[in-house]
Every structure is written in structure tokens, then in C-alpha cells.
Amino acid sequence: MVKKIEKIFVKTYGCQMNVFDSDRITDSLIDFGIRKVKEPQWSDLILLNTCHIREKAAEKVYSELGRFKKIKRENPEIKIGVIGCVAQAEGQEIMRRAEIVDMVLGPQVYHRLPEIIKRIQDGERVVDTDFTLEDKFEKLEHSKHVKRQPAAFLTVQEGCDKFCSFCVVPYTRGAEASRSPEVLFKEAKELVTSGVRELTLLGQNVNAYQAPRKSGGLLDLAGLIKEICTISDLKRLRFITSHPRDMTIDLIKLFGEEEKLMPYLHLPIQSGSDRILKRMNRGHTVRAYIETIDRLREIRSDIAISSDFIVGFPGETEEDFSLTLDICDKIRYAQAYSFKYSPRAGTPAYERADLPEEIKVKRLMRLQEKLQIHQSQFQTNLVETVQEILIEKHGKFSNQYLGRSPYMNPVVITSREDIIGKIIKVRIVSSNGLSLFGEPVT
Ligand code: 5AD
Ligand code: SF4
């Protein structure tokens, strides 16, 4: 008798797109009689949704699999699957190195999961790393039976055609593909009906979104945002991640026109040196980036800008790095992520000489120190102001709630009423550099 797969445990690494994929997978499997459990040992199927963007991604997966091996020893009927970007990059190699793995699926075939689950249930080992042209999410429908958090993600675009010389995304997620506007509008409406008040549109290159409309013509991201903002119970909208090359005038203008579009933009620059940007194949200059930010600030002076940075890219000199510090002083980021360059096999930069680790570590520390100062200052500037906060969830203590400002700052509030899902006016009373603390204004 084969053991029916009824309980699933998913562990997710990496970006918000992986988080969205994992949620959508567990969500859609509810209708196939499979429910999520909180511990791997309680499940019939363990899925590891992996990330390949930096560091020793594949090694991490193998050591995680080592831990699952013990669980499988105690309960040999548990099936194990590796999905996501490491699965795409490694494929069959994972099956070869880790006997305990029953399936390896790349990010573009999740819609085949119900069928693949049946096959592994019957004892087959399955590897599927196709790049299909189908919209996987159309098949992985949101279950109607889940109550949603007030802030949710919606993937609108996937993949990348930019080929930055350090990045694996074009190889793991494939070419840029945009989802149909009609399907997205329907999904956005369903999410709002089930309690969502803030949507973040996701894409590796979200502002490259472009898709044909059934009624004719092409819709870009600005057009899609306008359409989604007509859903009246949707109160806030954001989008992430944008590429500086695709910041169209229409999109920039929208920050001054569309009230629901929040004043926050994640626009990675990666480096402040034109020489390095060129070697990274970013396709824009520092000046062009600054011009985009200047335009945004003319239209929406309070807009919070965030970025990603890579330090220690091959060939980066002290002079190049100091230009990265300069761009931080110029833009004054409200928030930023910074990373040491990590060579990725298969990318053009992989062949170039890697800088010594000590240099990378030191530069990262210097950059993070500066970014932290700016981030704290941005937060401190909000103290004594009144902000509209969307309350997302309970905090650690009773009567404590966690929400976000329009600028994405986490805000901790105490209230006797249940305020989850509401947007309330809050006076910000203090900041600890990471979170803000506030009191509801009556
Ligand atoms: N090394 C370090 N950081 C990287 N990123 C992407 N590829 C690499 C790499 N090889 C960073 C970039 C990107 C973010 C998602 O991850 O800053 O914007
Ligand atoms: Fe990677 Fe560059 Fe594409 Fe971003 S734009 S996903 S960094 S290749």
C-alpha cells in the first residue's frame, strides 16, 4: 500500500518571489487534500525551496538534506523534494549526490506538482527543470479557504533578460515573462476580497512588465498599477524590484498621481562607479540613475529610496569603492541591502579574478556603517510626525501590533482594540534605528 501524501512541510530560502511561490504551492495543494504542517517530521512531503543568488547555495542545500536524512531514517515513507533556483541550476546532480531526494523541480514547473506528487507517491524519482511558456500560477490557484494577511504579494513578472555579469537569475528563472493583465486583475480582486489591503507586485524586473491586453494593445507596469488601483478596498500598492533602465516617465509620474501607490521605491544601483557598472553590464550610468531619483523627488519629495549594493566586484579599486560611498551620501537611502560579491558558476564574471576576502569584508563593513547612519536618520526624521500605518499582525506582547509606514518602516503600536487590517493614524514617538514606536492618534 502506498502512503498517500496529505501533509506538506516547506522550508523557503531567498527572495520574496520564493516566499510567494511557496505560499502559492501550499495554498493550491489544499484543494488536492494536502495541508501544511509546521514541523518536517510531521509531514509526508518535505519541500526545500532554494536560492542560488549568493554564497555557497548548493552546499547549504546538501547540508540541509543531511539533516532531513535523519528524519527519513526514522520515517522512511517521508518524501523529499528540492525546488527553486538551486534545483534549476543543479538538476540531476542533486539526485546523484543525495539519494534521499525524490524530486527536483525548477521554478517554472510548479503547476505540474499535483501530478508529480502522485508519481513520487508511487515510488518514482522525478527531475523536471523545463522552462515552460505556461503561466504556472493560473493552474496553482489561490485556495478560497484561506484568510489572508493584510499585506500580500502578487507575482506579475518573472525572469530577466538583462544579464548582469554577476547574476544567475537569467539562467535560473529564465527569460522575462509577464502574466496576463486580466488574470492578474482577477487574482488581485480575489486577494482583496479575502482581506488584503496592501499588494506588492513582484517581479525580478517588475518595471519591465509588458503584456498584451485582450482588448488590444500592450499594457506596461504603469498601466497595470492604474488598473489594479481601481479595486476600491485595496488601499496601498507597491512594486519590487525595479531596474534603473526601465524607469519610464509614466511610472515616475505615477508616484505623483496615484494616491494608493506608496512613496517607496527599491531601485538597486549595485555600484557608484561607472567603470564597475559597465563591467557589471548594468546598462546605465551613475548620472542616469541620479537623474531618475531627482525626477522622482521632484514629483514626490518624501519618496523613500532603497537599493542593493555589491562590494568587491572583480576589478573594484579603492577609488571605485569610494564612489559607491559617495552615491550613498548623495541619495541618502532610507534602506538598503549590501552584499559581498559572490562568484556564480556560469555567469560571465565567474572567470574574472576574485578580490581577497579581507578586502570584501572591510568594504562591506564600511558601506554598511554608512547605510545604517542614513537609515537611522530617515527613521529619526519620522519621530514626532503622524503617519498612516497599516496594521499587519500581532506583536510579541499582548495588545502589541506591528504595522508599516508608507515608507516601509516597521512600526510597533500598543492598542486595546483589534486593529489588524486597519490603516490608522499613529504618532511616532521613538526610533531604535530599526523599528519605530508609535501611539494611535485619537
Ligand atoms: N554576488 C553578490 N550579490 C549578488 N546579487 C546578485 N548576484 C550576486 C552575486 N553574484 C545581489 C544584487 C541583487 C540582489 C538581489 O542580490 O545586489 O540586486
Ligand atoms: Fe540579476 Fe541584473 Fe536581472 Fe537583476 S537585472 S535579476 S541583478 S541579471
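Tutor: Let us begin with a strand pair: strand E10 (residues 198-202) and E13 run parallel and are joined by 5 bridges. In this pairing, Glu198 has Arg236 of E13 as its bridge partner. The model is a predicted one, in which local features need pLDDT of at least 70 and side-chain atom pairs count only at pLDDT 80 or more, whereas totals for chains, interfaces and linings use all residues. Residues are numbered from 1 along each chain as its sequence is written, chains are lettered from A and ligands numbered from 1 in the order in which they are written, and side-chain values use heavy atoms, with hydrogens and water left out.

Student: Why are E7 and E13 called edge strands of their sheet?

Tutor: The sheet is open, with 3 strands in the order E7-E10-E13 and parallel pairing. Strand E7 (151-155) and E13 each have a single partner strand, so one side of each is left without a neighbour in the sheet. Neighbouring strands here are turned against each other by 25 degrees on average, direction ignored.

Student: How do you know that H9 packs on this sheet, and in what direction relative to E10?

Tutor: Contact means heavy atoms within 4.5 Å, and H9 touches E10 and E13, its direction making about 160 degrees with that of E10. Axes are lines fitted to C-alpha atoms, for helices over the stretch in contact, and angles run from 0 to 180 degrees between N-to-C directions.

Student: What describes the packing of H9 against H10?

Tutor: Two packed helices are described by the angle between their axes and the distance between the axes. For helix H9 (residues 221-228) and helix H10 (residues 249-257), the angle is about 35 degrees and the axes are 8 Å apart. Leu221, Ala222, Ile225 and Lys226 of H9 meet Asp250, Leu251 and Leu254 of H10.

Student: How do you know that Arg54 makes a polar contact with ligand 1?

Tutor: A polar contact is a pair of N or O atoms within 3.5 Å; within protein, one must be able to donate a hydrogen and the other to accept it, and residues adjacent in sequence count only if both atoms are side-chain atoms. A polar side-chain atom of Arg54 lies 2.6 Å from an oxygen atom of ligand 1, so the pair qualifies. A polar side-chain atom of Asp308 is also 2.6 Å from an oxygen atom of ligand 1, while a polar backbone atom of Phe166 is 3.0 Å from a nitrogen atom of that ligand.

Student: How much of ligand 1 does the protein cover?

Tutor: Of the 410 Å² of accessible area that ligand 1 has on its own, the protein covers 87%, by the Shrake-Rupley method with a 1.4 Å probe.

Student: What is known about the peptide bond between Ile240 and Thr241?

Tutor: The bond joining Ile240 and Thr241 is cis, with omega about 5 degrees, and Thr241 is placed in the loop between strand E13 (236-240) and H10.

Notes
Helix = DSSP H or I, 4+ residues; strand = E, 2+ residues; numbered from the N terminus. Pairing = 2+ DSSP bridges.
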